[in-house]
Amino acid sequence: MTQQTFTSFEEFWPYYVAMHSKAATRWVHLAGTLTGLAVTGYGLAKGRPRYAAALPLIGYGTAWPAHFLIEGNNPATFGHPAWSLRGDVRMITTMLAGRDAELAATAAGWLAGQRDKAAGPDAAA
């Protein structure tokens, strides 16, 4: 897929979710982020600030392989690092709120729109 261009986070959001269209990819992100947060929190509570490095190392260290192995795409972080971080927080909070199905629907809608664009205006005729 070619590099996408966006003018706002709200425009970027459906693309971000679509890059996580498979539930397994989203759950690996969730597990990696929560594990990284737990290790970081533990380290800070024990007075070991170097443990703060666990968040990006564990978070990205689990999330990125999921893109290559499960999703079959490149992480959105590579092209949009700040919006991807914001998207990850939003995706995880949405999942923790029990709304993973909403993410699946957003991903499916964006991907269907891309297929329609690729098919062109004569595809429906």
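A pocket is an open set of points on a 1 Å grid over the protein atoms alone, with protein on both sides within 12 Å along at least five of seven lines, and its lining residues have an atom within 4 Å of a point. A volume is the space filled by probe spheres set on the points, which are joined across faces, edges and corners. This is a predicted model, in which local features need pLDDT of at least 70 and side-chain atom pairs count only at pLDDT 80 or more, while totals for chains, interfaces and linings use all residues. Residues are numbered from 1 along each chain as its sequence is written, and side-chain values use heavy atoms, with hydrogens and water left out.

**The largest pocket**

- The largest pocket has a volume of about 350 Å³, and among the 22 residues that line it, Thr33, Tyr60, Leu85, Asp88 and Ile92 are the closest to its centre.
- At least two lining residues come from each of helix 2 (23–45), helix 3 (54–71) and helix 4 (81–96), where helices are DSSP runs (H or I, at least four residues) numbered from the N terminus.
- Helix 3 gives the most to this lining, with 7 residues.
- The lining has 13 nonpolar, 8 polar and 1 charged residues, where Ala, Val, Leu, Ile, Met, Phe, Trp, Tyr, Cys and Pro count as nonpolar, Asp, Glu, Lys and Arg as charged, and the others, Gly among them, as polar.

**Salt bridges**

- The structure holds 3 salt bridges, each defined as a side-chain nitrogen of Lys or Arg within 4 Å of a carboxyl oxygen of Asp or Glu.
- Arginine 90 and glutamate 10 form a salt bridge with an N to O distance of 3.2 Å, and this pair links distant parts of the chain, since arginine 90 is in helix 4 and glutamate 10 in helix 1 (residues 9–18), 80 residues apart.
- Aspartate 100 pairs with arginine 26, with their closest N and O atoms 2.7 Å apart; aspartate 100 lies in helix 5 (residues 100–119) and arginine 26 in helix 2, so the pair ties together parts that are 74 residues apart in sequence.
- Aspartate 100 counts as buried because its relative accessibility is 16%, and arginine 26 is also buried, at 2%, where buried means under 20% relative accessible area, exposed over 50%, and partly exposed in between (1.4 Å probe, protein chains only).
- Arginine 99 and glutamate 102 meet in a salt bridge at 2.8 Å, N to O; arginine 99 is partly exposed at 38%, as is glutamate 102 at 39%.

Definitions and conventions
1 Å grid on protein atoms, 1.4 Å probe; cavity = no way out; pocket = protein on both sides within 12 Å on 5 of 7 lines; lining within 4 Å.
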